[in-house]
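Open the model in your viewer and keep the selection panel at hand. The stops below are meant to be taken in order.

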Amino acid sequence: MKRSLRRAVIILAPLVLLYGFLKFYPLPDIRKAAERPFSTLILDRKGRVLQVLPLENGLRREKAAFDEIPEEVRRIILASEDRRFYLHPGIDAAALLRSLLTGLRRGSMGSGASTITMQVSRIFSPGRPGLAGKIREMALALCLEARYTKNEILDLYLNSIP
């Protein structure tokens, strides 16, 4: 009995410590960062959009509540950006392995392995490119996943892209 309890502690202690680190590591205030400017909408008297005025940089960003974004649009985004979004903890190990093997075969890293959560971490806390930046991005993605639901992360992503 003591031996099995000791094994359980040895296995669970690092997981509890990792979870605590991910849960309480200081993150940039992504809710505040998500309040970046959005395009001005010109509506008719019935509330229909007549025109979307671009931001100063020429991009158009429209704010939409998660429930207002059609399920089909969310499925299309997930299919093109992160098929296993609801299955991984912020880092897609299979995509990373595929990218690494492809890069080794080609001699350069060309295949992306960034999950939607990693992209959110890069949008709200940009770092430098390269391996160090990618590792930081992955660490922040794990922290985001420990604090927000998948739908909250997807909402942040959808309201951050042009």
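Start by selecting E71, which is partly exposed, with a relative accessible area of 42%. The model is a predicted one.

R75 forms a salt bridge with E71, and the closest N and O atoms are 3.8 Å apart. Both residues sit in helix α3, four residues apart, about one turn of the helix. R75 has a relative accessibility of 44% and also counts as partly exposed.

Next, select E72. Its salt bridge with R75 has the closest N and O atoms 2.4 Å apart. E72 and R75 are three residues apart in α3, again about one turn. E72 is partly exposed, at 43% relative accessibility.

Now show the whole of α3, residues 71-81. R74, I77 and L78 are buried here. Viewed down the helix axis, the buried residues fall within an arc of 95 degrees, so they line one face of α3. That buried set packs against α5 (116-124) and α7 (150-158). Turn to the face pointing away from the buried side to find A79 and S80, which are exposed.

Move on to E137 and R122. They form a salt bridge, with the closest N and O atoms 2.9 Å apart. E137 belongs to helix α6 (residues 131-147) and R122 to α5, so the pair ties together parts that are 15 residues apart in sequence. E137 counts as buried at 9% relative accessibility, whereas R122 is partly exposed at 36%.

Finally, select E71, E72, R74 and R75 together: salt bridges with shared partners join them into one network. The structure holds eight salt bridges.

Conventions:
Residues are numbered from 1 along each chain as its sequence is written. This is a predicted model: local features need pLDDT of at least 70, side-chain atom pairs count only at pLDDT 80 or more; totals for chains, interfaces and linings use all residues. Side-chain values use heavy atoms; hydrogens and water are left out. Buried means under 20% relative accessible area, exposed over 50%, partly exposed in between (1.4 Å probe, protein chains only). Helices (H or I, at least four residues) and strands (E, at least two) are DSSP runs, numbered from the N terminus. The arc is that of the directions from the helix axis to the C-beta atoms. Contact means heavy atoms within 4.5 Å. A salt bridge is a side-chain nitrogen of Lys or Arg within 4 Å of a carboxyl oxygen of Asp or Glu.
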